[in-house]
Amino acid sequence: MSIVHDHPGAGSAPPTVTPPADLLNIGDPWERARAASRVADQLHEARRAALTIRLAAVRELVEGRRIPATVVGRFIGITGGRISQMLAGGRTKTEPARTVEDAA
């Protein structure tokens, strides 16, 4: 088994986000607050998207290709136990708690 980054887009840069130093240089506090909120929203959405993509990839590796969760976990920097939780539908810190309405 070989773990190689040979797929299209491997190593591609993430979308650009305004650096904090640039935010600090915005003189008007109203505009600085608005710009910081936009950056925070972009980062939040990007993180949620990345976690969704990670879960799909982990599922493909563990369930589809039968690679042990410990191997996948070691490769991406989390424990095999966390991989098992993810695949079992365990809620992550970034996922909202399920409500009664979600179950309906």
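Colleague: Which residues of helix α4 are buried?

Modeller: Buried means under 20% relative accessible area, with a 1.4 Å probe and protein chains only. In this predicted model, the buried residues of α4, which spans residues 80-87, are G80, R82, I83, M86 and L87. Helices are DSSP runs of H or I, at least four residues long, numbered from the N terminus. Local features here need pLDDT of at least 70 and side-chain atom pairs pLDDT 80 or more, whereas totals for chains, interfaces and linings use all residues. Residues are numbered from 1 along each chain as its sequence is written, and side-chain values use heavy atoms, without hydrogens and water.

Colleague: Against which elements do the buried residues of α4 pack?

Modeller: Contact means heavy atoms within 4.5 Å. The buried residues of α4 pack against α2 (29-64) and α3 (69-76). After α4 comes G89, with a positive phi near 90°.

Colleague: How is the packing of two helices described?

Modeller: Two packed helices are described by the angle between their axes and the distance between the axes. Axes are lines fitted to C-alpha atoms over the stretch in contact, and angles run from 0 to 180 degrees between N-to-C directions. Here, the axes of α2 and α3 come within 9 Å and cross at roughly 145°. R54, V58, L61 and V62 of α2 make the contact with A69, V72 and I76 of α3.

Colleague: How many helices and strands are there in the protein chain?

Modeller: The protein chain has five helices and zero strands, strands being DSSP runs of E of at least two residues. Buried residues make up 15% of its 104 residues.

Note on methods:
Buried means under 20% relative accessible area, exposed over 50%, partly exposed in between (1.4 Å probe, protein chains only).
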